[in-house]
Amino acid sequence: MSWAGSILDGLTRDWGVDHPLVLALMALALLPFLATPFVRRGIPSAALVPVDPLSRAVAAALRLAGCLAILALVLGLAGLHRREQSVEREGTGAHLVLLFDRSSSMDNSFADRAPTGDQESKSAAAKRLLAEFVARRPHDRIGVAAFSTSPMPVLPLTDHHEVVDAAIDAIDRPGLAFTDVGRGLALAFSYFADDTDETSRAVLLVSDGAALIDRRVQDALRDAAARTPVHLYWLFLRSRGSPGIFEVPPGEDTPQANPERHLHLFLQGLGLPYRAFEATSPQAVADAIAEIDRQETRPIRYVERVPRRDLARPAFMVAGFAVALLLAAKLAERRLAPARRTRAPAAEAAPARRAA
Amino acid sequence: MNEEPLQPIPYRLRWRPEGIFPGAHPGHGEGAEGEFRRHVSLLRQPDPRRIDLRVSLRDPYGELHVRQFAPRRAVPVVALVDLSGSMRFGDAVAGRVADLCALLALSAMRAGDSFALFGCDAHLREEASLPLARRRGLEEEVRRRLIAAQPEGRGAAGLMEAAERLPHRCSLVFVVSDFLMPAAELENLFDALWRHEVVPVVVRDSSVEERLPRWGLVEVGDLETGAARLVFMRPSLRERWRLEARERRQALETLFVRRGLRAIDLKDALDVEALARRLMEG
């Protein structure tokens, strides 16, 4: 009994039905073994028919088809489905969080003015290139977050790339007010909090500027960086005329005057593998993304939640197929036509003649 | 019932019947009239009423010749009809078998012979049987009984019972059956009928021997045992089926020939002409 129980347990863990009582109709599946769709034609002796294995096989197949049709119909009516499941998958790629700057300056072109003609805004260029980037990396798990005045979680880490594409698609919406990089980074790090895999993790920060990071936020970021080792990439969309992040400016070098450069210094000081790309044109953005693409390839293993799958439709299709088979067999039915009685037609014709 | 009335057909026997009942067949022994046989001298048969004057005058020795005749005798004609389930196929019994038996009854009656009918399945069936008789309207009664008889049951052991109830002199016995019984049973039956002149009438149906569907599915059920089978008809199986039917027919023919019997085929419909020809051959 225990093995029966374990089999039942194994079945019900992965599979389920909506209306279990309907399953009682499964008993009807025995019907094809009691009757056939054919009209039985009498024959003087069964010994007249040659022994034929193929006929026997066809008969067995038709019985099975009938059985299958009834079973599939009952399962379909009962609402067979596979329960929601988690599946472990493997691929090459990384866990990647795309962190977007949604401040209003992103809507400007690289020349830092409203885009005109065939010019591309920074956000549009980022959107286009990132969409290509994501399309090239099918096995990545990608999360999306944005920040402006406050951080906005957009999408947790997922490998459903349609959603990621949609999220990326939305980053050229008109931007909001300011730029709070610090809390955005904290949000991005928090994405990896319950991610314990031995995979390559990366945060890709896309922004066109920076702001002061609060000292408390700085501490929190250092903590987070110590807890979750990630690769950090900063794709700095530099507008023309704005100070670069690499060169030391001639004037005073304070975080207030030059927040981008100091964010760069701060990120370097986090003790994480870090690279910054300074992109001044869409082409430079493409180069930077290609570089990231090259770096973040390591085998990863991840658990995917597969949603419940309804199997009623396949069940009905199987039933339809089996019934079609039976129908074809029924249409192929022939009869053994016995000889007509010789005198019967005369007897039938007689009253007619008399009536005439 | 039928439009054209049955025409009696003559039949000849292969032997000279004994007995005392006057009939139409040249019988054993010497009789005073009937079929002329030979001239004998008056001394050998002192019957002056049948002196043949012409022959006597032609005789140079002046001997008197008397005409001798074969007596006319009647024979019992019996139809043993197999009423087992297998004969239900194609309404054989109510159709051609009833036709055949009615025709035989009529012919026997017209020839002055008596006719008896025995319908048998596993046992002799009284309601489908008639004792020896030669009354008028016998053929209609024979037909009625056969049409009313529903063939059912398994085996044809009743034929053996019927064989015991046949007259004790040589009779003309028609065994009407599809002869699908085992060969041993058939041998036993013919052994039991040793005394009689047996004419096997093989009821066959071309729809299970030749006119088979080329393609398709047929579910066949044995009319005796009820066992059902699905048959997937296709040209190769059709060929095999025909071949087996031919072999079965040949085996049956061999069995008949070994006993000196000549069977009559009752295939699909009663062919009166062929039957008459065959019966006239004796």
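The structure is a predicted model. Chain A has 356 residues, and chain B has 282 residues. The contact between the chains draws on 43 residues from chain B and 33 residues from chain A, and a strand of chain A pairs with a strand of chain B across it.

**Chain A**

- The secondary structure of chain A consists of 10 helices and 11 strands.
- Buried residues account for 33% of chain A.
- Of the contacts in chain A between residues at least 6 apart in sequence, 84% connect residues at least 24 apart.
- Three strands of chain A form an open sheet in the order S1-S3-S11, with antiparallel pairing. Its edge strands are S1 (15-17) and S11 (309-310) of chain A, each of which pairs on one side only.
- Within this sheet, strand S3 (residues 80-82) of chain A is joined to S11(A) by two bridges, and the two strands run antiparallel. His81(A) has Asp310(A) as its bridge partner in S11(A).
- In general terms, the strands of a sheet pair through backbone hydrogen bonds, in either a parallel or an antiparallel arrangement.

**Chain B**

- Chain B contains seven helices and 12 strands.
- Of the residues in chain B, 38% are buried.
- For contacts in chain B between residues at least 6 apart in sequence, the share that joins residues at least 24 apart is 74%.

**Contact between the chains**

- With 43 residues from chain B and 33 residues from chain A in the contact, the elements of chain B that give two or more residues to its side are helix H2 (93-110), strand S10 (216-222), strand S11 (228-233) and helix H6 (235-258).
- S10(B) supplies the largest share of that side, namely seven residues.
- The side of chain B that touches chain A comprises 19 nonpolar, nine polar and 15 charged residues.
- S10(B) also pairs with strand S2 (residues 40-43) of chain A, in the parallel sense and over four bridges. In this pairing, Gly221(B) in S10(B) stands opposite Gly42(A).

- Most residues other than glycine have a negative phi. Two aspartates of chain B are described here against that background.
- Asp91(B) has a phi near 50 degrees, a positive value in a residue other than glycine. Asp91(B) is located in the loop between strand S5 (76-82) and H2 of chain B.
- Asp268(B) occupies the loop between strand S12 (264-267) and helix H7 (272-280) of chain B. Asp268(B) is buried, since 22 other C-beta atoms lie within 10 Å.

**Confidence of the prediction**

- The average pLDDT of chain A is 79, and 90% of its residues score at least 70.
- Over residues 342-356 of chain A, pLDDT stays under 50, and the model has 10 contacts beyond four places in sequence for these residues.
- Where pLDDT is low, the predicted coordinates should not be read in detail.

Methods: Residues numbered from 1 in each chain as written. Chains lettered and ligands numbered in written order. Predicted model: local features only at pLDDT ≥ 70, side-chain atom pairs only at ≥ 80, totals over all residues. Buried ≥ 20, exposed ≤ 12 C-beta atoms within 10 Å, placed from the backbone. Contact = placed C-beta atoms within 7 Å. Pairing = 2+ DSSP bridges. Nonpolar A, V, L, I, M, F, W, Y, C, P; charged D, E, K, R; others polar. pLDDT = per-residue confidence, 0-100.
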